[in-house]
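Welcome! Please take a moment to look over the sequence and the 3D structure below, and then we can walk through them together.

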Amino acid sequence: MIRALAAAAILVGLVHVAFAVEPSEMLSNPTLEARAEAIGRQLRCLVCQNESIEDSGADLAHDLRVLIRERLKAGDTDAQAVKYVVDRYGDFVLLKPPVEPATYVLWFSPFAILAIGAAGAWLYLRRRPVPPDEPLDLNQRRKLERLLLDDQ
Amino acid sequence: MTGRRLLYLLPLVGFLALAAYFLRGLAPGYDPQVLPSALIDKPAPNFTLAGFKGGAPLSNADFAGELVLVNFFASWCVPCRAESPVLMDLARRNVVQLYGIDYKDKPEDAAKFLQTFGDPYRRIGVDETGRTAINFGVYGVPETYAIDRAGRIRWRHVGPLSEQVVRTEIMPLLKQLGAS
């Protein structure tokens with residue numbers, strides 16, 4: 001039952017994704033359409049906020065897809081078409097945020113944390129050198145043998 | 001030695017920093033989905049929209065040199081119903097001119113909406129395609145923009161206006177921008 005439901009949910013999801021870009025939106029020129037789809041995949045749908053406009057069924061995503069296609073047909077480069085949307089909605093619309101002072105924490109904090117961890121690990125390991133194994137002297141060996149015999 | 005002792009406090013400091021950050025997220029009224037406008041302090045986009053119900057077209061030249069609020073609304077938008085008493089109150093107190101932009105709506109539905117909930121607007125433009133809204137960076141109705149005398153966007157509110165927003169944001173803004 002649960003499996004059937006899960007399968008149905010996945011199927012509904014697939015249908016939803018497949019239908020996000022409506023055939024009527026597509027450009028007849030396949031090169032332009034491919035460019036438009038590539039741009040659309042980089043842009044966040046601001047209504048759902050975790051889907052690209054290419055995947056989203058929201059009304060605004062539809063409008064933005066049509067808009068991008070219009071810009072490309074009017075002769076915009078990819079960068080110009082993206083800038084057109086960013087100028088209106090801000091950097092948040094980019095699913096991959098640009099590297100700039102405001103996003104340094106986002107981009108570089110994982111590396112900073114890794115470096116802090118590595119430094120900590122290095123300090124820890126350096127402070128506790130592993131003592132080298134010294135061979136037992138004669139007295140110690142006798143003592144060991146006695147202990148082992150006692151055990152039996 | 002004391003240096004090393006202080007090092008043991010580091011996890012506590014880290015915890016407190018995280019706790020403060022999470023506390024901010026729990027603050028009442030904080031909505032992480034609300035985005036800052038990319039157009040703050042930039043000139044409002046030019047637009048010319050068909051007038052509502054055969055009225056004169058509305059363009060941003062109509063309020064050049066004036067401090068105004070522009071409110072994007074739609075009859076199908078439920079939060080717009082929630083904010084309509086607040087807009088009506090603003091209009092009644094006559095503290096600022098309100099312009100409405102009817103977003104992706106049928107004129108007859110909008111007319112019914114305004115009849116039911118009141119019409120606080122001086123003028124209304126009809127944005128049937130939603131293109132003017134996109135130029136403003138609207139991502140859902142209602143949204144409200146303050147445009148100053150120089151035609152720049154100074155403030156944006158996403159979602160329904162409330163008495164609290166009027167008191168804590170709009171009134172101070174009007175005072176600061178010198179509303180008469």
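Let us begin with one residue, His62(A), which is found in helix H3 (residues 59-73) of chain A. Keep in mind that this is a predicted model. Is His62(A) buried, partly exposed or exposed? With a relative accessible area of 23%, His62(A) is partly exposed, because the buried class is kept for values under 20%.

Leaving aside residues up to four places away in sequence, His62(A) touches Glu22(A) and Glu25(A). His62(A) and Glu25(A) are 37 residues apart along the chain, and their C-alpha atoms are separated by 8.3 Å.

## Chain A, built from helices

Chain A has 6 helices and 0 strands, so you can read its elements from the N terminus on as α-α-α-α-α-α. Of its 152 residues, 26% count as buried. Among contacts in chain A between residues at least 6 apart in sequence, 51% join residues at least 24 apart.

Two salt bridges show how helices of chain A are linked. In one of them, the side chains of Arg69(A) and Glu33(A) meet at 3.0 Å, N to O. Arg69(A) sits in helix H3 and Glu33(A) in helix H2 (residues 30-42), so this pair links distant parts of the chain, 36 residues apart. Both of these residues are buried. In the other, Arg35(A) pairs with Asp78(A), and the closest N and O atoms are 2.6 Å apart. Because Arg35(A) lies in helix H2 and Asp78(A) in helix H4 (residues 78-89), the pair ties together parts that are 43 residues apart in sequence. Arg35(A) counts as partly exposed at 27% relative accessibility, and Asp78(A) is partly exposed too, at 33%.

## Chain B, helices and strands

Now turn to chain B, which has 6 helices and 7 strands. Along the sequence they follow the pattern α-α-β-β-β-α-β-α-β-α-β-β-α. What is the radius of gyration of chain B? It is 21 Å, whereas a compact globule of 180 residues would have one near 16 Å. The C-alpha atoms of chain B fill a box of roughly 80 × 30 × 30 Å along the principal axes.

Buried residues make up 45% of the 180 residues in chain B. Of the contacts in chain B with a separation of 6 or more, 72% come from residues 24 or more positions apart.

Chain B has salt bridges of its own. One of them joins Arg92(B) and Asp89(B), with the closest N and O atoms 3.7 Å apart. These two residues are separated by about one helical turn, because they are 3 residues apart in helix H3 (residues 78-93) of chain B. Arg92(B) counts as exposed, at 61% relative accessibility. Elsewhere, salt bridges that share partners join Asp41(B), Asp148(B), Arg152(B) and Arg154(B) into one network.

## Where the two chains meet

How many residues of chain B are in contact with chain A? There are 16, and they meet 18 residues of chain A. The area buried between the chains is about 1400 Å², and carbon and sulfur atoms give 50% of it. Arg131(B), Ile134(B) and Tyr139(B) supply 38% of the area that chain B buries against chain A, more than any other three residues.

The interface also holds 3 salt bridges. Among them, the side chains of Lys104(B) and Asp63(A) meet at 2.4 Å, N to O. On the side of chain B that touches chain A, helix H5 (residues 131-136) gives the largest share, 5 residues. The residues of that side divide into 9 nonpolar, 4 polar and 3 charged.

Notes
Residues numbered from 1 in each chain as written. Chains lettered and ligands numbered in written order. Predicted model: local features only at pLDDT ≥ 70, side-chain atom pairs only at ≥ 80, totals over all residues. Heavy atoms only, no water. Contact = heavy atoms within 4.5 Å. Buried area = accessible area lost by both parts, 1.4 Å probe. Salt bridge = Lys/Arg side-chain N within 4 Å of Asp/Glu carboxyl O. Helix = DSSP H or I, 4+ residues; strand = E, 2+ residues; numbered from the N terminus. Nonpolar A, V, L, I, M, F, W, Y, C, P; charged D, E, K, R; others polar. Buried < 20%, exposed > 50% of the residue type's maximum accessible area, 1.4 Å probe, protein only. Rg over C-alpha atoms; globule rule 2.2 N^0.38 Å.
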